[in-house]
Amino acid sequence: MTDCCVPGDDTTDAPQNTEATPTAETGASATPAKTTKAAAKAGAKSGTSTRTAKAANAASAQAGDAADAPVRASKTTKSRSTKGAGAGVTALPGLEKLGADDALDAIESGDSAALDELAAWPKNPFPPVTFDPKGDPYFVTVPEGVFLMGGADDDANTIDGEGPVRPVFVKAFQLTATHVTNAQFAKFVEATGYVTECEEIGWSYLFAGLLKGDKRKEFMIGHSDDTAWWLAARTVNWRTPQGPGTTWEEFADHPVVHVSLRDAEACAEYYGGRLVTEAEWEKAARGGILHARYPWGNQAIGAEGASDWRANIWQGKFPIKNTEDDGFYATSPVTNYAPNAMGFYDMAGNVWDWTADWYSTRWHLNDNPETRTNPKGPGTGQTKVIRGGSYLCHDSYCNRYRVAARTSTPADSSTGHLGFRIARDA
Ligand SMILES: [Ca+2]
Ligand SMILES: [Ca+2]
């Protein structure tokens, strides 16, 4: 791949403002707000992006509501969390073993030595396994028990509702070790004849650096209003993951992208599963580490140099220059980077994962059995939670590859940096 272009460098109506800005720390910028089907059709017809601000505004309103959300567990919150989680569910198995109280004390104190201890690799990591990411999905079983959900990082996106850190019980479940790959999605489509939402409407969002020159002139029909580097590109879908002219077969072991929530649910059902809840996702992402910034611990990505990248994110100057120090401009093979201690790959970076939960920045602030025991998120909402960050994440722009980070997007969204995993009850 070549360096990222400046969106708008070769078309007159393309976006001009491509600099990452401080406002890019909002949820609406981590992934473009998407259209409804009707808006998408209108956009394709008019040749301009008609992505309404409705969804983005809704998300912003939610985010604004949570500006006063706590980001650290206070002693009061901790005490209530533990008690509340136990109430009505007999007990929280594993809580004593986990040492949640001590962990919360350490997190609250901010003592770096204590935090490093919490972030230590588990003493008994899951044994390594070998599987074919182009074969049937490989499931890892996560045992039941309590984990500490939420983050208290100094640079946490507090408006996203990352905190407080609280004990959450999750019953045993299974989750695919990797993002669902193009090969796996292709098998589902071949067996069922399924047609994805963006195939129906005729376009999807593609990162500007993947649609340049003549191709941009031919295929671009608009761009995101709030994130200029997302171009609405005609004919793009999962079969052409990195733009017109590319094929899924070239990227068979990469995550499938350009899939909406409905598409992800249909594929999960085909493989006998469902979408993951947000709590299940975060428990799997933490991989048995009590509390850490990343799925592998607290150490920043790349701390030991260019060969030390542990996830596929963006290096360089976003969105103009990607130095590809981690080896990839866009998506990467799903087992390219080392897994976490439970055997889950790409819980940071590569592509986002859809989750089943509606997004709220406040729902989990209520301390009760519904939010602390097998939580499934609020009953309704306007956007769905997505987790894990993508190849477009960058320290200076969107540091949401941290394990506690969260954002959301409308259910009918499809983009080139959003995929999914499959969960099922154990
Ligand atoms: Ca990369
Ligand atoms: Ca990911």
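Which residues in helix H6 are buried? Start there, after two notes on the model. This is a predicted model, where local features need pLDDT of at least 70, side-chain atom pairs count only at pLDDT 80 or more, and totals for chains, interfaces and linings use all residues. Residues are numbered from 1 along each chain as its sequence is written, and chains are lettered from A and ligands numbered from 1 in the order in which they are written.

**Stop one: helix H6**

Select residues 100-109, helix H6. Helices (H or I, at least four residues) and strands (E, at least two) are DSSP runs, numbered from the N terminus. Colour Ala-100, Ala-103, Leu-104, Ala-106 and Ile-107: these are the buried ones. Buried means that 20 or more other C-beta atoms lie within 10 Å of the residue's own; exposed means 12 or fewer, and partly exposed is in between, with C-beta atoms placed from the backbone. The five span an arc of only 160° around the axis, so they sit on the same side of H6. That arc is taken from the directions from the helix axis to the C-beta atoms. An α-helix has 3.6 residues a turn, so residues three or four places apart point the same way.

Now step just past H6. Gly-110 has a positive phi of about 75°.

**Stop two: Asn-124**

Go to the loop between helix H7 (112-118) and strand E1 (139-142), and pick Asn-124. Is Asn-124 buried or exposed? Asn-124 counts as exposed, because it has 8 C-beta neighbours inside 10 Å.

**Stop three: the three-stranded sheet**

Select E5, E7 and E6. They form an open sheet in the order E5-E7-E6, with antiparallel pairing. Strands E5 (203-207) and E6 are at the edges, each with a single partner strand, so one side of each has no neighbour in the sheet. From one strand to the next, the twist averages 35°. Angles run from 0 to 180 degrees between N-to-C directions, with axes as lines fitted to C-alpha atoms (for helices, over the stretch in contact).

Zoom in on E7 (residues 230-234). Four of its five residues are buried. Five bridges join E7 to E5, and three join E7 to E6 (residues 220-223). Two strands pair if DSSP finds at least two bridges between them.

Which residue in E7 is the bridge partner of Gly-222? Pick Ala-232. Ala-232 is also the bridge partner of Tyr-205. Next, pick Leu-231: its bridge partners include Leu-206 and His-223.

Finish on the E6–E7 hairpin, with six residues between the strands.
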